[in-house]
Amino acid sequence: MSVLELGTAVRADPRPDARPQHRRLPGRSWQRWISPLALVAAWQIASSTGLLPTRLLAAPSTIAATAVDLAGDGTLPTAIAVSLQRVLAGFAAGAVAGLGLALVAGLGRAGENAVDPIMQMLRALPFFGLIPLFILWFGIGEAPKVLLVALAVSFPLYLNTFAGIRGVDGKLAELARTLKLTRAQLIRHIVLPGALPQMLVGLRQSLGVAWLALIVAEQVNASAGLGYMINDAREFLRTDVIVVGLLVYSALGLLTDAVVRLLERRALTWRRDFLAR
Amino acid sequence: MAARLPGEVTAVAPHPSDGAPAASVRRLTRRFGDRTVLDQLDLEIGRGEFVALLGRSGSGKSTLLRALAGLDDDVEGGLTVDGSVAVAFQEPRLVPWKRVRANLTLGLAVPDADKKADAALAEVGLAERAGAWPLTLSGGEAQRASLARALVREPGLLLLDEPFSALDALTRITIHRLVLDLWAAHRPAVLLVTHDVDEALLLADRVLVLDGGRIAHEAAITTPRPRHRDHPGLVSLRSALLAALGVSPEGTP
């Protein structure tokens, strides 16, 4: 019966855009929860029976209780505020540097010759390896942490924005010439919007790497923040606190990623409509 | 018969026109490496004249158009265009991140640019698509928007670079009529680059064949519009033009 209907539908509607719809069948989505929940349950059982000692990994129930405690006594909010501040400051500095350099390199041959070789050289450096130098240069305060985040952020933004600018369709640049656009108009109406999709890819990469850089930076000589909380907990074998800290890191990472996705949806509507067709 | 016939397809002579021509090309040469694509080419396009430029692929049609559009800095020779030039390309080249109306007003430094854009869109039958994203337009709609973008600049010379070649046959017929209507209403000089002999015969006042880097053949078409492709004058001219393009007419070996 249904096969027969399918057949007639195809004959009656031969448009090429009549694609089969991939609709998720009801009852499928809850099935995806089974294995993660089973894993947590097994973990809980292993902890409760003593098979998994607390000094290696605390029980899920303990972790949940600790999270509530830490949130309640203000430890966690304070730590998050400190870490978030570092990431935001570092991100802002790195974004300004990365985008600025990409514009200089992208908009002119002279700028490219001046900036790009240096950026390609620096990119090859393992920037976590710079921590000892950063400590020597900037001490153990906030500066080396913020700067490490800034450095980590600037490269994905630079590389993607530069590639985005260079990837703008040359035919549109030619059109701009026939429309008698000035150079400023060309940059504003053609080059920058054309580079935006690739720049947003860079933004997502750089936010991901910003949290990573922060975690590494906070392992060293921090006296506040999530990294400090985790390091301090290690001294006292508090695996529950360590896991809470890790979960907060990943939640913050997911949150910033969601913000960029939202930004993408708003900035690239001209493309979304097309893709949704 | 109005159209000049095969043997009379002539070499270039200055075209009679009122006042200064819309475009004038003198001894235009363009080399790519050691290949000379345009070789001391002379051409004059009268004000309001509709000229079609035919040629085999690689004959330099697009090179000439690009030179007239001011897109080629490496041409030698004289090139004067009276008034502004607008181009409609083979692909519509709408800026995808600008809505249709904004595509028309891009670089348009006149008062009431939006109103003018809306009027132009209405003329090409796209009034209700002014707020649409270009990627949601059909091929014919996009090409009409591209025409509107060229016309809203009120050009003295309108360059059409095979703008109908990617359209389906039915859409092409509609757009041919639209182009003639727009041309009659605004009277820009038009240079239509095409490889379609029938298209040239239906639309143009004068047909040129580019070969060996020069205008090798030229024919005036005085058959009144709207033209039908089976008009006797056009039929004989078609064979002559096809022969000039190196294609033997149907029915002969």
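In chain B, 45% of the 253 residues are buried, a residue being buried if 20 or more other C-beta atoms, placed from the backbone, lie within 10 Å of its own. The model is a predicted one, in which local features need pLDDT of at least 70 and side-chain atom pairs count only at pLDDT 80 or more, while totals for chains, interfaces and linings use all residues. Residues are numbered from 1 along each chain as its sequence is written, and chains are lettered from A and ligands numbered from 1 in the order in which they are written.

Chain B contains 7 helices and 9 strands, which are DSSP runs numbered from the N terminus, with at least four residues (H or I) for helices and at least two (E) for strands. The C-alpha trace of chain B spans about 50 × 40 × 35 Å along its principal axes.

Within chain B, the axes of helix H4 (residues 139-151) and helix H5 (residues 169-186) come within 11 Å and cross at roughly 15 degrees. H4(B) is therefore roughly parallel to H5(B), a term that covers angles under 35 degrees. Among the residues that meet are B:Leu147 and B:Leu151 in H4(B) and B:Ile175 and B:Leu178 in H5(B).

Between the chains, 17 residues of chain A are in contact with 13 residues of chain B, contact requiring that the C-beta atoms of two residues, placed from the backbone, lie within 7 Å. On the side of chain A that touches chain B, helix H8 (170-178), helix H9 (183-218) and helix H12 (269-276) of chain A each supply at least two residues, and H8(A) gives the most, with 6 residues.

Terms used:
Buried ≥ 20, exposed ≤ 12 C-beta atoms within 10 Å, placed from the backbone. Axes fitted to C-alpha atoms, helices over the stretch in contact; angles between N-to-C directions. Parallel < 35°, antiparallel > 145°, perpendicular 65-115°, else oblique.
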